[in-house]
Amino acid sequence: GQAGGGMASEEGLADFEVEAVIAAFLADATCSALEMPKLTTGQRKEARRIAEQHLGLRCDSFGLAADRRLHLFKLEDEAAPKQQQQPYKLQPACSPEGSEAGDSDSSTPAVDIEA
């Protein structure tokens, strides 16, 4: 058997789906920064184009020449409505209103159906 899959092979570069990776990054609320792997020039342009379409993303390059890497950062969106980010509150257990009124001993149904 072969040990390890050749993930870092040069051929795999063209198969790297920039858009899918950025979409996954956006969907992951726990992740605030993403370091892209080594990209072709076209992929780097695509990554920047996608980042520009998303207001909450900032795109920076780090490193020189062959070691250059694209990094994406999520910006804390100040324009987002804060009302939707309320702390989660546990709802009290459902208690039917008037349960203490003592209606439970009445044997007649509340709705009379006349045939």
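Predicted model: local features only at pLDDT ≥ 70, side-chain atom pairs only at ≥ 80, totals over all residues.
Me: What makes the link between the side chains of Ser-61 and Arg-48 a polar contact?
Reply: The two side chains are joined at 2.9 Å. A polar contact is a pair of N or O atoms within 3.5 Å, one able to donate a hydrogen and the other to accept it, and residues adjacent in sequence count only if both atoms are side-chain atoms. Residues are numbered from 1 along each chain as its sequence is written, and side-chain values use heavy atoms, leaving out hydrogens and water.

Me: Which residues does Ser-61 touch, and where is Ser-61 found?
Reply: Ser-61 is in strand E2, residues 57–62 (strands are DSSP runs of E with at least two residues, helices runs of H or I with at least four, numbered from the N terminus). Leaving aside residues up to four places away in sequence, Ser-61 touches Arg-48, Arg-68, Arg-69 and Leu-70, where contact means heavy atoms within 4.5 Å.

Me: How do you know that E2 and E3 pair?
Reply: Pairing takes at least two DSSP bridges between two strands. Six bridges join E2 to E3 (residues 69–74), so the two strands pair, and they run antiparallel. Across this pairing, Arg-58 stands opposite Phe-73 in E3.

Me: What order do the strands of the open sheet take, and which are the edge strands?
Reply: Three strands form the sheet in the order E1-E3-E2, with antiparallel pairing. The edges are E1 (33–35) and E2, each of which pairs on one side only.

Me: Why is the pair of Phe-62 and Phe-73 called edge-to-face?
Reply: Rings pair if their centres lie within 6.5 Å; planes under 30 degrees apart count as stacked, over 60 as edge-to-face and the rest as tilted. Here the centres are 6.4 Å apart and the planes stand at 80°, so the pair is edge-to-face. The structure holds one aromatic pair. Phe-62 lies in E2 and Phe-73 in E3, so the pair ties together parts eleven residues apart in sequence.

Me: Which residues make the contact of H1 with H2?
Reply: The axes of H1 (residues 18–27) and H2 (residues 41–53) come within 9 Å and cross at roughly 35°. Val-18, Glu-19 and Ile-22 of H1 meet Gln-43, Glu-46, Ala-47 and Ile-50 of H2.

How values were computed:
Axes fitted to C-alpha atoms, helices over the stretch in contact; angles between N-to-C directions. Phe/Tyr/Trp six-rings, centres within 6.5 Å; stacked < 30°, edge-to-face > 60°.
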